[in-house]
Amino acid sequence: MIQAFRILGWLEGASFLILLLIAMPVKYMAGNPAMVKAMGPIHGFLFIGYILMANFIASELNWSMKQRLLSFAAAVLPAGTFWFERKYLDKKETV
């Protein structure tokens, strides 16, 4: 389960960065919203999946409230999921 959560975190983080650093500038600088329309729902789906899986993993691994809240906060910060994975999941074994 941790490996699946790790992968989901990387996908969610990457989709967020693509949305912020590529799709949004293309929309506002080039006037082309197509990439935002494509990446927005993908990122939204990954975000919801990440939050649900973080909640499930937190329950399974008896995370502290601080760790649980940090996992949720990581999803709304650019590159937050990458930081969370390295800080809290890097040395954990798969469940």
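Modeller: The chain has four helices and zero strands. This is a predicted model, and what follows describes that model. Read from the N terminus, the order of elements is α-α-α-α. The C-alpha trace spans about 45 × 20 × 20 Å along its principal axes. Of the 95 residues, 35% count as buried. Among contacts in the chain with a separation of 6 or more, 65% are between residues 24 or more positions apart.

The crossing of α1 past α2 is left-handed. Sorted by class, the residues in this contact are 20 nonpolar, five polar and two charged.

The next pair is α2, residues 34-60, with α3, residues 65-74. Here the axes come within 10 Å and the crossing angle is roughly 165 degrees. The two helices are therefore roughly antiparallel to each other as well. In this pair α2 passes α3 in a right-handed crossing. On the α2 side the residues that meet α3 are Y50, I51, A54, N55, A58 and S59. On the α3 side they are R68, S71, F72 and A74. By class, this contact has six nonpolar, three polar and one charged residues.

The largest nonpolar core has 15 residues, and F5, Y50, I57, W63 and F84 are the ones that touch the most other members. The elements that give two or more residues to this core are α1 (2-30), α2 and α4 (80-89). The largest share comes from α2, with six residues. As background, nonpolar side chains in soluble globular proteins tend to be buried together.

Leaving out residues up to four places away in sequence, F84 touches F5, Y50, W63, Q67, L70, S71, A74 and L89. Of these, F5, Y50 and W63 are also listed with F84 among the core residues that touch the most other members. S71 and A74, also touched by F84, are α3 residues that take part in the contact with α2.

Two further residues can be read together, E12 and T81. E12 lies in helix α1, while T81 is found in helix α4. Buried means under 20% relative accessible area, so E12, at 1%, counts as buried. T81, at 3% relative accessibility, counts as buried too. Apart from residues up to four places away in sequence, E12 touches H43, L46, F47, Y50, A75 and T81. As for position along the chain, E12 and M1 are eleven residues apart, and their C-alpha atoms are separated by 16 Å.

Y50 links these descriptions. It is one of the α2 residues that meet α3, and Y50 is also among the core residues that touch the most other members.

Conventions:
Residues numbered from 1 in each chain as written. Predicted model: local features only at pLDDT ≥ 70, side-chain atom pairs only at ≥ 80, totals over all residues. Heavy atoms only, no water. Axes fitted to C-alpha atoms, helices over the stretch in contact; angles between N-to-C directions. Parallel < 35°, antiparallel > 145°, perpendicular 65-115°, else oblique. Left-handed = near helix turned anticlockwise from the far one by under 90°. Contact = heavy atoms within 4.5 Å. Nonpolar A, V, L, I, M, F, W, Y, C, P; charged D, E, K, R; others polar. Core = buried A, V, L, I, M, F, W, Y, C linked by side-chain atoms within 4.5 Å. Buried < 20%, exposed > 50% of the residue type's maximum accessible area, 1.4 Å probe, protein only.
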